Amino acid sequence: MNRVILLSALAFGLILYGLGIMNGVFLVLALPVVIYVLAGLLFGPQAPQIKAERSLSARRVSTGMPVTVKVTLTNQGEKLEQIWVLDPLPPDLEKLSGQTGCLASLAPGESASFEYTVRARRGTYLFSSLQANTSDYLGLVRRTIPLGASGSISVLPDIRRIPTIPVHPQQTRGYPGTIPARLGGPGITFFGVREYQVGDSMHQVNWRASARHPHVVYSNDFEQERAADVGLILDCRRESYLATETHSMFEDAVIAAASLAQSFLNDGNRVGLVQYGQYIAWTFPGYGKIQRERILAALAQANPGVSLVDHLEHLPVRFFPPRSQIVLVSPIQNKDLEVLYNFRSRGYALLVISPNAVSFELAHLPDRTAVRVAGRIARLERIVLLRQLQQAGIRVLDWDVTVPFEQAVLTLTRGSARFVLRGL
Amino acid sequence: MKSVRLAFLISLGLSLACMAAAFLSLSGWIQIVIGLSIGAQWAFLVWNGRRTYWFSFLGLLALLVYGAALNLPTIWLLGSLVTLLAAWDLGEFTAHLSAFDPDQVSPLLVRNHLNRLLVVAGAGLALGGIALIIKIRLEFGSAVLLGLLVFIGLAGAVRFLRGNL
């Protein structure tokens, strides 16, 4: 209940009742109440002028890094007998130390500040605009002033250092890179022989082939290595992922996508990202560190959502240049097979990084006979599913998320392994 | 924070003591017991940081008005009302402070609050005391006129205050 209204009503009542029954006691009792209300009138804040500044020690941080937030309030008007500001923390931000508000008196020109340190998991956190409340000492007359000073923190996903993953798209770009281009030219890997051309160095001449053909001289040709287009697709459909109270498989998928993006960008490739979930969010393809930042910023905001359609059929195929490399990070569902076949038939090279939902779930279930049997059946189903992908020429990494991604991905870099499955 | 709670308890205790003294003149034991139980409940609420003090405040106030209607000694009623107002203010202030960590609250602010309250309560008590001494005879017409003036004045004050909320 509002104190001013209550007290005013009380004063009214006492005075009117006292006058009505001609009893001075009620008028006497009304006096302290009237004085109390008048004190609020007399000393209440008039037109507060407050400037607020919010400073953050960092706006983009890695997961788990602490961020210090400092808010400074400066009184640019008349004396403020009482001012209080509370800075509500965005949900999921963990306060490590400090104060998230202050209560003070401010003389003209005086400043007050408070600071606190927070830590957060991956995501983007918005600090709402501040509101200052001012009043007299007794707190009777209050004014609320919007101060602005909003802000945000982006907590980027973890990035694991992974080795170069060999990919072989049919189409490469014109710039030098690390991906074999299936074209003869400068390089280090033997590609074939061709007739000697003026300008070829003597080291390049294939003497053995030339000796067999007395009238022709042959030179060795090497395979060109070029940059390629790599399209990363992160499956953000909620139904694809399992989660416990403390850990979600989706976080592992995001880590994988971030690590892959960094690896491909470091090799000079052009990388784009599509997040496919409640909606389709894409980061247009690009090169270098700026693109890395764009992709990490997009991944910082990635969240699993309920997709309007329950399979991948609305993936924007034209988003990826024809016959380029596509890397899909998804636990994979049976209904996704058709779409992946479709990609393959259009000439895309496909690599699927598939966090293993079966092993994730089994790790969190009690060790009972029924669970073991069910787990064995689920694993068999998954192996069959992944084998079908393999038969369509799709490389698959079946990733048990209890194994760090940087270790799991090593299997992709070994020789010509096209399909990696964990045994039963 | 501790000093504010202590001041609240002192104010409430004084208010209850004054009220009890007033009702004692008529041997109103029931009213005293009711007053004490409301006060105890109020103190309990403040101690546990709950914010329904207006209910307890209104309860004690109703007892005071009832006492005034019974023509109990005005000086005790006045003392009880002033300290009751102070207790209510301090209860609200305790709840306000509980939203902050003790480190966030400036001790100067607390001291200034207590000083202001002391001045307001003192002024109320003094003016009430003076009003008890001065006797003015009012005719019916003057009383109505005075009532109208009070109504207009307080209505203006409330309008001003509500405009600032």
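These exercises work through chains A and B of a predicted model. Local features need pLDDT of at least 70 and side-chain atom pairs pLDDT 80 or more, while totals for chains, interfaces and linings use all residues. Residues are numbered from 1 along each chain as its sequence is written, and chains are lettered from A, ligands numbered from 1, in the order in which they are written.

**Exercise 1.** Describe the overall form of chain A.

Solution.
- Start with the radius of gyration, taken over C-alpha atoms. Chain A has 34 Å, but a compact globule of 424 residues would have a value near 22 Å. That rule is 2.2 Å times the number of residues to the power 0.38.
- Next, take the extents. The C-alpha trace spans about 135 × 65 × 35 Å along its principal axes.
- Then look at burial. In chain A, 39% of the 424 residues are buried (20 or more other C-beta atoms within 10 Å of a residue's own, with C-beta atoms placed from the backbone).

**Exercise 2.** Find what chain A brings to its contacts with chain B.

Solution.
- Count the residues. 42 of chain A are in contact with 44 of chain B (C-beta atoms, placed from the backbone, within 7 Å).
- Name the elements. Those of chain A giving two or more residues include α1 (3-21), α2 (24-43) and β4 (80-86). Helices are DSSP runs of H or I, at least four residues; strands are runs of E, at least two; both are numbered from the N terminus.
- Pick out the largest share: α2(A) gives 14 residues.

**Exercise 3.** Locate the domains of chain B.

Solution.
- Read the bounds, from an automatic or database domain assignment: domain 1 is 2-134 and domain 2 is 138-165.
- Take the centres over C-alpha atoms. In chain B, 26 Å separate those of domain 1 and domain 2.

Technical notes. A residue is buried if 20 or more other C-beta atoms lie within 10 Å of its own, exposed if 12 or fewer, and partly exposed in between; C-beta atoms are placed from the backbone. Two residues are in contact if their C-beta atoms, placed from the backbone, lie within 7 Å.
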